[in-house]
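Q: I have a model open and would like to go through it with you. Could we begin with the contact between the chains and then turn to the sheets?

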2 protein chains.
Amino acid sequence: MSDLQPAFILVRPQMGENIGAAARAMLNFGLSHMRLIDPRDGWPNPRAVAMASGAAGKVLDHAGVFETLPEAIHDCSYIFATTARSRDLTKPVMTPERAMEHARALSASGQRVGVLFGPERAGLENEDISRANAIISIPVNPDFASLNLGQAVLLCAYEWRRQGDQTPPEVLELAGTELAPAIEVEKLGDHYEERLEEAGFFFPATKAEGMKLNLRNLWSRMPLTRADVQTLHGVLRQIVRKAGK
Amino acid sequence: MSDLQPAFILVRPQMGENIGAAARAMLNFGLSHMRLIDPRDGWPNPRAVAMASGAAGKVLDHAGVFETLPEAIHDCSYIFATTARSRDLTKPVMTPERAMEHARALSASGQRVGVLFGPERAGLENEDISRANAIISIPVNPDFASLNLGQAVLLCAYEWRRQGDQTPPEVLELAGTELAPAIEVEKLGDHYEERLEEAGFFFPATKAEGMKLNLRNLWSRMPLTRADVQTLHGVLRQIVRKAGK
């Protein structure tokens with residue numbers, strides 16, 4: 001909820017439900033600074049509130065409402081317009097990824113960024129777009145390009161968060177255990193190799209070396225937790241015990 | 001519509017509308033291989049069809065319907081489960097970005113990837129997750145984490161497309177013009193400097209150099225198109241003409 005958050009500005013939005021959905025999508029990714037320009041059904045809008053619910057309702061409570069675009073963007077130093085490419089206006093066109101990277105950099109240096117989202121049916125008009133510094137164009141399937149307002153807000157908010165996110169791309173979630181040290185994997189390999197040797201598994205002799213190698217490789221590749229190693233020892237012991245009866 | 005597309009697998013989905021919305025979100029980003037496990041309201045579902053409409057209806061027409069998870073994933077060599085982190089199962093947890101990067105690599109080598117999405121209310125059960133190779137966890141605002149089925153599908157489909165997308169991050173869209181060559185910008189600068197010199201703009205003399213430098217810098221920074229240069233010459237000529245009357 002820092003002052004430097006970009007303002008997501010809904011330009012002449014029509015359906016209250018979509019305003020509520022936009023508030024939810026923003027908050028999903030930590031954004032709470034919403035502005036509205038001339039909402040069709042007036043403001044406040046009970047349908048927007050019903051859709052937003054809970055914490056997202058606060059985004060609506062704090063939303064600034066303006067009559068015109070110049071008023072709504074008055075304090076923004078950099079404006080993005082989300083739209084398909086306009087062939088009528090010379091303007092930089094950015095992917096959401098690049099745009100939110102740029103927005104992060106501007107915000108970090110104390111600049112207020114505004115992101116314009118057009119009305120559901122027609123989108124932004126050239127009159128609106130002419131006041132933006134750059135266009136955000138979401139690279140969609142050209143044969144099926146229609147995204148609704150909530151989806152456009154969701155994807156831009158997602159990219160905003162992703163650009164600043166510290167989540168490691170991949171972690172191994174360990175459920176109350178830890179990875180097995182190599183000595184335990186080694187002993188597990190020994191255990192299987194011994195019992196399988198006794199059972200005549202490594203046959204014919206010319207293939208035995210290769211078979212043993214593959215089995216060692218299998219244990220090492222998993223990777224195994226200490227709990228897994230205990231489970232696999234237990235599995236083998238129980239099978240051998242049963243077979244010995 | 002290549003064979004190597006990941007299968008997006010909706011596990012016990014409830015609302016037909018959400019199945020339709022998922023089909024739309026997939027197709028928005030070029031994915032068309034959907035599978036359904038035990039949809040609550042049977043199949044086909046008219047509400048799903050009504051929501052999907054047009055080309056997304058074909059995604060539904062071709063969706064495979066299965067009774068159980070093992071049947072639905074039978075030909076998948078790598079399975080992702082989309083869910084909040086499970087503390088009960090040891091499993092790699094990836095961001096959508098990392099997961100779809102991995103899915104791209106697997107798909108490129110001919111492996112079928114499956115991505116599981118749980119039912120709306122409760123999400124995937126541990127019984128489902130235990131059959132996945134890895135978890136996809138979308139990094140959301142922990143204070144407002146709820147994403148619906150359509151949003152989860154949208155974000156994963158977006159990341160799939162983004163990982164393979166060739167769209168340049170930023171282009172300057174030129175509306176029937178081209179960037180002005182330096183000589184034109186130079187002459188524009190000369191024109192303004194001369195007229196402003198005559199008008200006594202560069203005052204006091206000690207500041208004149210700096211003022212001229214800033215003005216040159218302004219023209220160069222924009223960047224200007226050839227049409228812009230002509231406009232700015234015209235603006236200046238007209239003002240000077242008017243003032244001379």
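Q: What area is buried between chain A and chain B?
A: The model is predicted. In it, the area buried between chain A and chain B is about 4200 Å², and carbon and sulfur atoms give 54% of that area.

Q: Which residues in chain A lose the most area to chain B?
A: They are Asn28(A), Phe144(A) and Glu173(A), which together make up 18% of what the chain A side buries.

Q: And how many residues are in contact?
A: On the chain A side there are 51 residues, and they are in contact with 52 residues of chain B.

Q: What about polar contacts between the two chains, how many residue pairs?
A: The count is 26 residue pairs in polar contact, with both residues at pLDDT 80 or more.

Q: Which elements of chain A supply the side that touches chain B?
A: At least two residues each come from helix 1 (16-28), helix 3 (55-61), strand 5 (91-94), helix 5 (96-108), helix 7 (149-164) and strand 8 (170-173) of chain A. Helix 7 of chain A gives the largest share, 7 residues.

Q: How do the residues on that side divide into nonpolar, polar and charged?
A: On the side of chain A that touches chain B, 26 are nonpolar, 12 are polar and 13 are charged.

Q: How many salt bridges does the rule find across the interface?
A: The rule finds 6 salt bridges between chain A and chain B. One of them joins the side chains of Arg98(A) and Glu170(B), at 3.0 Å from N to O.

Q: Turning to the sheets: what is the strand order in the one that ends with 8(B)?
A: That open sheet has 8 strands in the order 3(A)-2(A)-1(A)-6(A)-4(A)-7(A)-5(A)-8(B), and the pairing is mixed.

Q: Why is one side of each edge strand left without a neighbour there?
A: Strand 3 (64-66) of chain A and strand 8 (170-173) of chain B stand at the edges with a single partner strand each, so one side of each has no neighbour in the sheet. From one strand to the next, the twist averages 25 degrees.

Q: How do strand 2 and strand 3 of chain A run, parallel or antiparallel?
A: Strand 2 (residues 34-37) and strand 3 of chain A run parallel and are joined by 3 bridges. Within this pair, Ile37(A) has Phe66(A) of strand 3 as its bridge partner.

Q: Which strands does helix 5 of chain A touch?
A: Helix 5 of chain A packs on the sheet and touches strand 4 (78-82), strand 5, strand 6 (113-117) and strand 7 (134-136) of chain A, together with strand 8 of chain B. The direction of helix 5 makes about 160 degrees with that of strand 4 of chain A.

Q: And where does helix 7 of chain A lie?
A: Helix 7 of chain A lies across strand 1 (7-11), strand 4, strand 6 and strand 7 of chain A, and runs at about 165 degrees to strand 1 of chain A.

Q: What order do the strands take in the sheet that begins with 8(A)?
A: The order is 8(A)-5(B)-7(B)-4(B)-6(B)-1(B)-2(B)-3(B), an open sheet of 8 strands with mixed pairing. Its edges are strand 8 of chain A and strand 3 (64-66) of chain B, each with a single partner strand, so one side of each lacks a neighbour in the sheet.

Q: How many bridges join strand 8 of chain A to strand 5 of chain B?
A: There are 4 bridges, and the two strands run antiparallel. Glu170(A) stands opposite Met94(B) in strand 5 of chain B.

Q: A change of topic: which peptide bonds in chain A are cis?
A: One joins Phe203(A) and Pro204(A), with omega about -5 degrees. Another runs from Met222(A) to Pro223(A), with omega near -15 degrees.

Q: Where are those prolines, Pro204(A) and Pro223(A)?
A: Pro204(A) is in the loop between helix 8 (182-198) and helix 9 (205-221) of chain A. Pro223(A) is in the loop between helix 9 and helix 10 (226-244) of chain A.

Q: Last one: what is phi for Arg12(A), positive or negative?
A: The phi of Arg12(A) is positive, about 45 degrees, although this residue is not a glycine. Arg12(A) lies in the loop between strand 1 and helix 1 of chain A. Most residues other than glycine have a negative phi.

Key. Residues numbered from 1 in each chain as written. Chains lettered and ligands numbered in written order. Predicted model: local features only at pLDDT ≥ 70, side-chain atom pairs only at ≥ 80, totals over all residues. Heavy atoms only, no water. Contact = heavy atoms within 4.5 Å. Buried area = accessible area lost by both parts, 1.4 Å probe. Salt bridge = Lys/Arg side-chain N within 4 Å of Asp/Glu carboxyl O. Polar contact = N/O pair within 3.5 Å; in protein donor to acceptor, adjacent residues only side chain to side chain. Nonpolar A, V, L, I, M, F, W, Y, C, P; charged D, E, K, R; others polar. Pairing = 2+ DSSP bridges. Axes fitted to C-alpha atoms, helices over the stretch in contact; angles between N-to-C directions.
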